[in-house]
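Keep the sequence and the 3D view at hand.

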Amino acid sequence: MALHEAFMALALSESQKALPHCLPNPPVGCVLVKDDVAVSTGHTRAPGRYHAEADALANYAGSFSDLTAYVTLEPCSFHGRTPSCADALINKGINRVIVALIDPDPRNNGQGVEKLRRAGIQVIQGICEEEVSRFLGPYLRKKQQTKLTGAQIKLRGLNQRDKPAVLSMLADPEVMRFLGPRRALSDDEGAAWFNDALQGPSRFVISDATSDEFIGFCGIKEINGILDFGYFIRSEFWGNGIATRACELAVEKLAHEVDLATAQVFIADDNEASKRVAEKMGWQVVRGSTKDGEFGHYYRIGK
Ligand SMILES: [Zn+2]
């Protein structure tokens, strides 16, 4: 046990090297151990670059058999800007993973650990939990603040006062990965985008039904003569059933105004969250295609 704590303490000190370039991702550290000796370390690099686990794996040239990975935060189970770290650990044939904290990000939240266990990897949780929680405090607080669910939203039109929230969403590479030019927009590009949306309303605004805070967009926009149905939501609000509820509300509203059978939805193949929304909505796949260089499928709205 003392050995686990010593290696986790090393992972924690490694994680401190990640600040500030890792932000908005959490500063995470990873140590690979073989025969009770640390053989590699890694920490979270800038967004889009290696997470701690991938960094430690890349820094190690030896054999991957009988390796234990110490990670301060649960390895990610989802493919975001980078491939899933849980998958990377599985693919390398790591034996055992020791985790200090479960990641409260709703896209992860135990799923990373579950993925490792299902692949036959031994997982031990909670080593140095307190020390790591203290260091990751700002990240944990940010993740725990957002508890709004789909039941608490409404749709409305766009207002001038939504501008700061819209611009910060358009500058978020996680949101923009599946949208438009598929990269974060600059402030000037975002402002131009906002003015267009204000002057030519298309998609509904999703907002908090109580505070009216801007959460995202959902609905139809005519693109090159085609009715394109889609949504995009600030990443702080992902994973709480908001997308599915927004789609339901938008489809209800639009059913009176447009022939939804002529609308199409494009979902990139690696957009797992949107594929789950399509499944819950009962949308049917029409055909595979590429859009803005991404492979995906077009869906038909309706059962
Ligand atoms: Zn990761």
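Helices (H or I, at least four residues) and strands (E, at least two) are DSSP runs, numbered from the N terminus. By that count, the protein has 11 helices and 12 strands. Its radius of gyration, taken over C-alpha atoms, is 21 Å, close to the 19 Å from the globule rule (2.2 Å times the number of residues to the power 0.38) for 303 residues, so the protein is as compact as a globular protein of that length.

This is a predicted model: local features need pLDDT of at least 70, side-chain atom pairs count only at pLDDT 80 or more, and totals for chains, interfaces and linings use all residues. Residues are numbered from 1 along each chain as its sequence is written.

**Overall shape**

The C-alpha atoms fill a box of roughly 65 × 40 × 35 Å, taken along the principal axes. Of the 303 residues, 37% are buried. Buried means 20 or more other C-beta atoms within 10 Å of the residue's own; exposed means 12 or fewer, and partly exposed lies in between, with C-beta atoms placed from the backbone. Two residues are in contact if their C-beta atoms, placed from the backbone, lie within 7 Å. Among contacts between residues at least 6 apart in sequence, 62% join residues at least 24 apart.

**A helix pair**

Helix α7 (residues 163–170) packs against helix α9 (residues 187–199) at about 125°, with the axes 9 Å apart. Axes are lines fitted to C-alpha atoms over the stretch in contact, and angles run from 0 to 180 degrees between N-to-C directions. That makes α7 oblique to α9. Angles under 35 degrees count as roughly parallel, over 145 as roughly antiparallel, 65 to 115 as roughly perpendicular and the rest as oblique.

Which residues of α7 and α9 meet? K163, V166, L167 and L170 in α7 meet D187, G190, A191, W193 and F194 in α9. The residues of this contact divide into six nonpolar, one polar and two charged.

**Backbone details**

Most residues other than glycine have a negative phi, and most peptide bonds are trans. These sites depart from that.

| Site | Feature | Value |
|---|---|---|
| L19 and P20 | cis peptide bond | omega about -5° |
| L23 to P24 | cis peptide bond | omega near 10° |
| D36 | positive phi | near 60° |
| N109 | positive phi | about 45° |

P20 sits in the loop between α1 (2–15) and β1 (29–34). P24 is also in the loop between α1 and β1. D36 lies in the loop between β1 and β2 (37–43). With 9 C-beta neighbours inside 10 Å, D36 counts as exposed. N109 is in the loop between β4 (96–101) and α4 (111–118). N109 is partly exposed, with 16 other C-beta atoms within 10 Å.

Definitions and conventions:
Nonpolar A, V, L, I, M, F, W, Y, C, P; charged D, E, K, R; others polar.
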